[in-house]
Amino acid sequence: MTKKFLTVKDLAALFNLKESWIYDRTARNGPEIIPHVKFGRQVRFDIESDEFQAWLKSQGVIAEPRALTA
């Protein structure tokens, strides 16, 4: 199974947020940090991961990963 990682632009569009807000939340430490993976300087998000889903719940968002990408 191949995982699909979203870019900052993809995630910002998905949640209707500014890209700068997403970048800001990847540079922080603590509970407000968005779970992400870095490939060099590139930031990517695995929205189907348990860690990302837990972060969504902590933000008050209840969604199935497939519903986010459909």
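**A walk around the fold**

Author: Happy to! Let's begin with a spot in a loop: Ser-49 sits between E2 and H3. Keep in mind that this is a predicted model.

Reader: Okay, is Ser-49 buried or exposed?

Author: Ser-49 counts as buried, because its relative accessibility is 18% and the cut-off for buried is under 20%.

Reader: And what does its side chain reach?

Author: The side chain of Ser-49 reaches the backbone oxygen of Asp-46, at 3.0 Å.

Reader: Nice. Let's zoom out. How many helices and strands are there?

Author: The protein has 4 helices and 2 strands. Along the sequence they follow the pattern α-α-β-β-α-α.

Reader: What share of the residues is buried?

Author: Of the 70 residues in the protein, 29% are buried. As for contacts with a separation of 6 or more, 36% of them are between residues 24 or more positions apart.

Reader: Which residues form the largest nonpolar core?

Author: There are 12 of them: Leu-6, Val-8, Leu-11, Ala-12, Ile-22, Ile-34, Val-43, Phe-45, Ile-47, Phe-52, Trp-55 and Leu-56. H1 and helix H3, which spans 50-58, are the elements that give two or more residues to this core. As background, nonpolar side chains in soluble globular proteins tend to be buried together.

Reader: Let me pick one. What is Leu-11 in contact with, leaving aside its neighbours within four places in sequence?

Author: Leu-11 is in contact with Leu-6, Ile-22, Ile-34, Phe-45, Ile-47 and Phe-52.

Reader: Staying with H1, which of its residues are buried?

Author: In H1, Val-8, Leu-11 and Ala-12 are buried. Seen down the axis of H1, these buried residues fall within an arc of 100°, so they line one face of the helix. The face turned away from that buried side carries the exposed residues Lys-9 and Ala-13.

Reader: What covers the buried residues of H1?

Author: The cover includes H2, E2 and H3.

Reader: Good, then how do H1 and H2 cross? What angle do their axes make?

Author: The axes of H1 and H2 cross at roughly 115° and come within 9 Å. H1 passes H2 in a right-handed crossing. On the H1 side, Val-8, Lys-9, Leu-11 and Ala-12 meet Glu-19, Ile-22 and Tyr-23 of H2.

Reader: And between those two helices? I'm curious about Asn-16: what is its phi?

Author: Asn-16 lies in the loop between H1 and H2. Its phi is positive, about 55°, although Asn-16 is not a glycine. For context, most residues other than glycine have a negative phi. Asn-16 is exposed, because its relative accessible area is 71% and the cut-off for exposed is over 50%.

Reader: Let's move on to H2 itself. Which residues are buried there?

Author: H2 covers residues 19-26, and Ile-22, Arg-25 and Thr-26 are buried in it. Down the axis of H2, the buried residues fall within an arc of 105°, so they line one face of the helix. They pack against helix H1 (8-15) and strand E2 (42-44).

Reader: What about Thr-26, with its relative accessible area?

Author: Thr-26 is buried, with a relative accessible area of 13%. Leaving aside its neighbours within four places in sequence, Thr-26 is in contact with Ile-33, Ile-34, His-36, Val-43 and Phe-45.

Reader: How does Tyr-23 count, and at what relative accessibility?

Author: Tyr-23, which also lies in helix H2, counts as partly exposed at 44% relative accessibility. Not counting residues up to four places away in sequence, Tyr-23 touches Val-8 and Val-43.

Reader: Last stop, H3. Which residues are buried in it?

Author: Phe-52, Gln-53, Trp-55 and Leu-56 are buried in H3. Viewed down the axis of H3, the buried residues fall within an arc of 155°, so they line one face of the helix. Asp-50, Glu-51, Lys-57 and Ser-58 are exposed on the other side of H3.

Reader: And what follows H3?

Author: H3 is followed by Gly-60, whose phi is positive, near 85°.

Reader: Great, thanks for the tour!

Key: Residues numbered from 1 in each chain as written. Predicted model: local features only at pLDDT ≥ 70, side-chain atom pairs only at ≥ 80, totals over all residues. Heavy atoms only, no water. Buried < 20%, exposed > 50% of the residue type's maximum accessible area, 1.4 Å probe, protein only. Arc of directions from axis to C-beta. Contact = heavy atoms within 4.5 Å. Core = buried A, V, L, I, M, F, W, Y, C linked by side-chain atoms within 4.5 Å. Polar contact = N/O pair within 3.5 Å; in protein donor to acceptor, adjacent residues only side chain to side chain. Axes fitted to C-alpha atoms, helices over the stretch in contact; angles between N-to-C directions. Left-handed = near helix turned anticlockwise from the far one by under 90°.
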